[in-house]
Amino acid sequence: MGGLPRPDAYTIRAMRLAARVHAFSTRYGLWQPGDRVVAAVSGGADSVALAWLLHDLAGRGALVLAGLAHLHHHVRGTDADDDAAFVQALAARLGVACEVGHADVPALARESGRSLEVAGRDARLAFFAEVLPRFGATRLAIAHTRTDQAETVLLRLVRGAGSRGLAAMAPVSGVRVRPLLDVGREELRQWLTARGERWREDSTNLEPSTPRNRLRHEVMPVLSTLHAGAERAVARAARSLAEDAACLDELAADTAARAQTRDGGRVRLDLRALARLPPALARRVVRGALETLDPAGAYGWEDTEAVLHGTGRRLDLGRVLVERNRHTAVLFNRGDAAGATPAVGQEGAWALPVPGVASHPARQWEVEAAGPLAVEAAPQPDAFRAVLDAEALGRHLTVRGWQPGDRVQPLGMRGRKKLQDVFVDRKVPFDERGFVPVVLDGRGRIAWVAGHVVGEPFRVTPRSVAVVVLTLRR
């Protein structure tokens, strides 16, 4: 009988692998026909296989292979030079353009205090962001495999990551796509060998000092002896956790409306409402607030626990500061505090010159000092305005929040009283007391508990020559 020749075993394997990659890309929407895709190619087996697979898929109209991108890290001397030359030669064989960039990764690591691995990753991401527009491309394909995924899950597991972290690498991250996440590293090497294709070996992948290398060469082989499909099973767990994390994130977004309020650059969390939620949802609401204020930050379990259950009234989480009471936590970006009056003497205290203004960085309050004024020119005091003797007060004031042990001599009293007792008498809720501004004179005496009590030593008397007017705005 006539007909087409029967494909050999290699051809069948190649067709199956390309079909799997195409099915994976379709399932997760990695690209559409006509999308211009750039392949990130180091010269190693995984990225060389990626380049050839994308070339094959481009030939079927699944995408347009716009070119290859390679970053020279200046880490391995002439070996790195040979890597760049190899990738350029590969691009010529594929008939596509090639962009080779350069970054002194060792110098970047020294300057930033980061590891070579982290500095190299950041340098690559910056390079790829520059390259993509030059190709007129909308996608950058990265050769992360199922093996890389399993390694990443295990590394994050020993660091205590939750479901979001254990979900590891997503098939799509912005413009970056990972079409090989369902293919094992060894499978790709066998595929390349069957095609007669070569690749470059990076000697740094053998260094035992790197956690990933130790996991790759010591731990994964042991796991494979315990379960032959360990790599596939761990990667499958990552997919399952990714779906769980997405579901919880969606529920947390719906829940956030009941547990938080936003006011300009701050987020106020209702800790009582969060305490009624399942812990997984509560932590996600807090993490969402942190990431809203600092989108580039990486916040984990310790950070969310500190906000939810910490004992300190003031938390420093890097770019986000937190003022926490029993029932409320107010979060604000440190950058929002940059324009506030400089702190003096202690954390959470702001200088108030006379005349001048002190503003809480989270916009909780603003206190203005006007004067000195003639006594007869002073306005009538009220709950949000105090009139004090200018000479007794002085011109170097400080505003801060309530602190345990604070005592004040209220107007008309001979002795001092605990500020905590003043709050109790005036029925100030506990979770609001930390947000009441307290004005102190240059000797540290409480002159005004804003909105509540004027200190007796600062009262206006018939002997007063001038006054200072303090005004509270919220």
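**Helix pairs and the sheet**

Tutor: Helices α2 and α3 are roughly parallel to each other (angles under 35 degrees count as roughly parallel, over 145 as roughly antiparallel, 65 to 115 as roughly perpendicular, and the rest as oblique). This is a predicted model, where local features need pLDDT of at least 70 and side-chain atom pairs count only at pLDDT 80 or more, while totals for chains, interfaces and linings use all residues. Residues are numbered from 1 along each chain as its sequence is written, and side-chain values use heavy atoms, with hydrogens and water left out.

Back to the pair. Helix α2 covers residues 45-59, and its axis crosses that of α3 at roughly 15°, coming within 11 Å. Axes are lines fitted to C-alpha atoms, for helices over the stretch in contact; angles run from 0 to 180 degrees between N-to-C directions. From α2 come V48, A51, W52 and H55; from α3 come F86, L90, R93 and L94. Contact means heavy atoms within 4.5 Å. By class, the α2 with α3 contact has 6 nonpolar residues, 1 polar and 1 charged (Ala, Val, Leu, Ile, Met, Phe, Trp, Tyr, Cys and Pro are nonpolar; Asp, Glu, Lys and Arg are charged; the others, Gly among them, are polar).

Now turn to the sheet. Helix α3, residues 78-94, lies across β2 (64-72) and β3, at about 170° to β2. Helices (H or I, at least four residues) and strands (E, at least two) are DSSP runs, numbered from the N terminus. The open sheet has 6 strands in the order β3-β2-β1-β4-β6-β5, with mixed pairing. Its edge strands, β3 (97-102) and β5 (172-173), each pair on one side only. Strands pair if DSSP finds at least two bridges between them. β5 and β6 (residues 176-177) are antiparallel over 2 bridges.

Next comes another helix pair. Helix α4 (residues 105-112) packs on α5 (residues 116-135) at about 110°, with axes 8 Å apart. The two are therefore roughly perpendicular. Their crossing is right-handed. V105, P106, L108 and A109 of α4 meet L116, A119, G120 and A123 of α5. That contact counts 7 nonpolar residues, 1 polar and no charged.

Note on methods:
A crossing is left-handed if the near helix is turned anticlockwise from the far one by less than a right angle, and right-handed if clockwise.
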